[in-house]
Amino acid sequence: MFDPVIAPSGTLLGLLQRGRGDGTLHALAAPRAEALAALNHCVLDDPRHDWQVENRSLYYARLYLDLHGGLQEIEAHLFGAEDHLDTEEGRTGLALAVLGHLASYGRHDALLLLRRYAAGGANWAWALDELALRDDDAGLRTLALPVLARFPATAEGEAELAAAVRDAFEPRPWRLWAEDPRPAVGARITAAREQGSFDRWQRQLRPTGPRPGWSVQAVLDWAQEGLERGTELHLPAARCLVAVAGPEDRDLILATAAGGPDGARCAALHYLAESQDPAALDLVERAAGEGSRTVAEAAVAAFERMCGEAAVDRARGWIHRPDALGAASAGMLAFRGGPQDSPLVLGALRESVRAQGPDAAALYPLVDGAGRLGIACAAPVLRHVYRETASSQLRGRTARALAATDAGFASGFAVECLWDCEETTRELAALHAETGDVRVAERLRRLAADPAEEAEVQTAVRNRIGPDLDLPV
């Protein structure tokens, strides 16, 4: 799947793709046709780099309601010929989630589209999960036969049905169908549920991996064998070493960490880092500089898990390295450094934005660190990251840092954040937004009354409504 193309942040489309609060505000002020075109573009071509951690569906659903938008574009997207050619759930997942929220707001047309797609669409399981949360029992019962028709009455089909029942995110439809008196429905679902339970039991009876009594060498060999099979077992092997290694095994582990085969070496590095061994930092530095890519990545990951003062002190010397260990050192100082490390964290933040742009993975800990350390002079670069990043997760963390570093946050970005796509960002805004702005008071009232809003956001809103707005809760 290709990375989405994100429009400039100063455009309506770019704002909506990012899920910024200003996107909603600009859309409501723009010509309705233009706003709906930009909204449909976002819903039909998911703009998120990682749809599993970034939220957009409630944000877009609310905008459909505010714009009184129709669902013809979504319908054409769901039921087009491409649905049978591209069955990846990412193609239709956002549209289905938006329909789910619209159904919860009482849009019957959205509910009907979900039912139709659950009966005939490629990503039917997602649609069924949305319906499990919003549809009534009668509506769900009408889907039993269309869904079961996807699974032929063969050994292979029954196995696929058992897996579908076992792995369902929302079990309500399957439980409802299991009560159906028809043999082709109730009895079949019951058998599939029993088979799924049996499969879990069988997996529990066939555990793989270390057994009690394994030696240190056996654990290291297991880690190496896993890497050769294409499975990284560094971390579980390191945990096993904690259980089986004694003082007499230190020389073997040190030798493996210094020059053993890659899989065993990675496990040894993680073990030494976790146990805060005095030799760990030197071995990490050596592995990061001269080991294979797998070993170098494991060395950096092991260093990031260290929390002692020795690691923090070493990070001060490594932060200027131009490699992954230097970036990890900057992150460690951001998380665990003291006020004296503020110039180093600020320098790393500026350099990361300059060299890698506003979406760099290295920015996450640095943004958090700027807020934790209260680096006031970081506010300009934080404002730039807030405006430009395509990641709503990073924007939310940047907003939190701005709340700690920017005196103008409460009357500036905090107001916009009340319309943000991320609930944690809306919660932050509810705590900080300046209530002298008339838009803030009205938005807080709406969030407090919205049944789809997260409980944490509503708690923050109601805490502000009481003392600040003198309104009944």
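Entry 1: I began with W174 and W177, which are three residues apart in helix α13 (residues 172-178) and so separated by about one helical turn. Helices here (H or I, at least four residues) and strands (E, at least two) are DSSP runs, numbered from the N terminus. I reminded myself that an α-helix has 3.6 residues a turn, so residues three or four places apart point the same way. W174 is buried at a relative accessible area of 4%, and W177 is buried too, at 1%. My cut-offs: buried is under 20% relative accessible area, exposed is over 50%, and partly exposed is in between (1.4 Å probe, protein chains only).

Before going on, I noted that this is a predicted model: local features need pLDDT of at least 70, side-chain atom pairs count only at pLDDT 80 or more, and totals for chains, interfaces and linings use all residues. Residues are numbered from 1 along each chain as its sequence is written, and side-chain values use heavy atoms, with hydrogens and water left out.

**Entry 2: ring pairs.** I paired rings of Phe, Tyr and Trp (its six-membered ring) if their centres lie within 6.5 Å; planes under 30 degrees apart count as stacked, over 60 as edge-to-face and the rest as tilted. How many aromatic pairs does this rule give? I got eight. In one of them, F79 and Y117, the ring centres are 5.8 Å apart and the planes are at 70°, so I logged the pair as edge-to-face. The two residues are 38 residues apart, F79 in helix α5 (residues 72-79) and Y117 in helix α8 (residues 108-120), so this pair links distant parts of the chain. Is Y117 buried or exposed? Y117 is buried, at 0%, while F79 is partly exposed at 31%.

Back to the tryptophans: the rings of W174 and W177 have centres 5.1 Å apart and planes at 75°, so they are edge-to-face.

**Entry 3: helix α24.** Seven of the 10 residues of α24 (residues 363-372) are buried, among them L363, P365 and L366. The buried residues pack against α22 (324-336), α23 (342-356), α25 (379-388) and α26, with contact meaning heavy atoms within 4.5 Å. On the α23 side, V345, A348, L349, S352 and V353 meet L363, L366, V367, G369 and A370 of α24. Just after α24, G374 has a positive phi of about 65°.

**Entry 4: α26 and α28.** Helix α26 (residues 392-405) packs on helix α28 (residues 423-432) at about 20°, with the axes 9 Å apart. Axes are lines fitted to C-alpha atoms, for helices over the stretch in contact, and angles run from 0 to 180 degrees between N-to-C directions. The contact uses G396, A399, R400 and A403 of α26 and T424, T425, L428 and H432 of α28.

**Entry 5: whole chain.** I counted 30 helices and zero strands. Of the 473 residues, 50% count as buried.
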